[in-house]
Amino acid sequence: MEMKEEYFINDCIHGSDLPCTVACPFSLDVKKFLDKVKLGSLNSAYTVYRDAVIFPGIVYKLCPAPCRNVCAGQMEGFPIKLLSLEKSAYNGARNHDPLNYAAPRQAKKVAVLGSDLIGMTFAMRLSQSGFEICVFSSDDRICVDLEAYLERSEFEQEILSQFKYSKYYSLKLSCDLSKKEYAGYDVIINTINSFDTGCPDKSYELMTTGVPVYDIQTAKIFAREIDRLCRTGKVPDVSEIEPLRVQAAVINAHPEAYDSSDRDVILDKNQSKEEAARCKNCDCTKCLESCVLLRTSTTQASLSGLYT
């Protein structure tokens, strides 16, 4: 009897992350985001979105929407138009300023080789922690890789604006990397395929996944690990990155399986509220619905402790 109770407790999905959140490369808290939209608070929804995706003005334009394939509404042929809601939140925000962490300056200096999206994301994220960051690039402009997806006017200012509060960030374009101006930095992040930094003892590779939004999350995770390396000397743990690379490879191999057409749908505030309200929350509450005793506040609180 004890084993059966343990089995059912462990098997219960009540309170688990929504399938769309699990499918999202950024693990966006979709429920929290939609709750804000349902209340008509697009600015608050934007804040939730921005904090998760880093470059909100780019992500909703490029995301392949893996969440759509696991949405409960998909079975009925009408999945939640999440990309449209992200666009509405972006357009409904009072401003698009980045977070100002006001972090104290750190002792370590980090060089980033390459100014593609993955390198710029890494630089932005780590600069928020107070590290001196310099991006060295042989290109004459940032994020050349994004030109295959968007017009430059759609992404360049969005990316540069996210460095608004980064006091210790610098960018050097049209560099001759063979001169190794970066050699004096404490840590070197190499995002350029088949390039030898000449500093193997302090260089770490950060290569593109081939899918822009997955590059952003990959760089976000890597920045966290390099932050820890600089503070504690602990070797970076990149185990969280491998699943992102696998998923990106699947998307590259089967792009037809991912429908992101709803990004073109324009919703006003009321339509956004109605669309968000269609979410089923994908949370199993069958036991609560079938038993009066389980529906008491005290019992529910006890069950919540078991599930968490």
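Student: Is Y46 buried or exposed, and why?
Tutor: Y46 counts as buried because its relative accessibility is 1%; buried means under 20% relative accessible area, exposed over 50%, and partly exposed in between, with a 1.4 Å probe and protein chains only. Keep in mind that this is a predicted model, where local features need pLDDT of at least 70, side-chain atom pairs count only at pLDDT 80 or more, and totals for chains, interfaces and linings use all residues. Residues are numbered from 1 along each chain as its sequence is written, and side-chain values use heavy atoms, leaving out hydrogens and water.

Student: How many aromatic pairs turn up in the whole structure?
Tutor: Seven. Rings of Phe, Tyr and Trp (its six-membered ring) pair if their centres lie within 6.5 Å; planes under 30 degrees apart are stacked, over 60 edge-to-face, the rest tilted.

Student: What kind of pair do Y46 and Y90 make?
Tutor: Their centres are 5.9 Å apart and their planes at 65 degrees, so the pair is edge-to-face. Y90 is buried too, at 15%. Ring pairs also link Y46, Y60 and Y90 into a cluster.

Student: OK, what about F136 and Y185?
Tutor: That pair is edge-to-face, with 5.7 Å between centres and 85 degrees between planes. Both F136 and Y185 are buried.

Student: Which residue lies over the face of Y185?
Tutor: K109, at 4.9 Å from the ring centre; a charge sits over a ring if NZ of Lys or CZ of Arg is within 6 Å of the centre and within 35 degrees of the ring normal.
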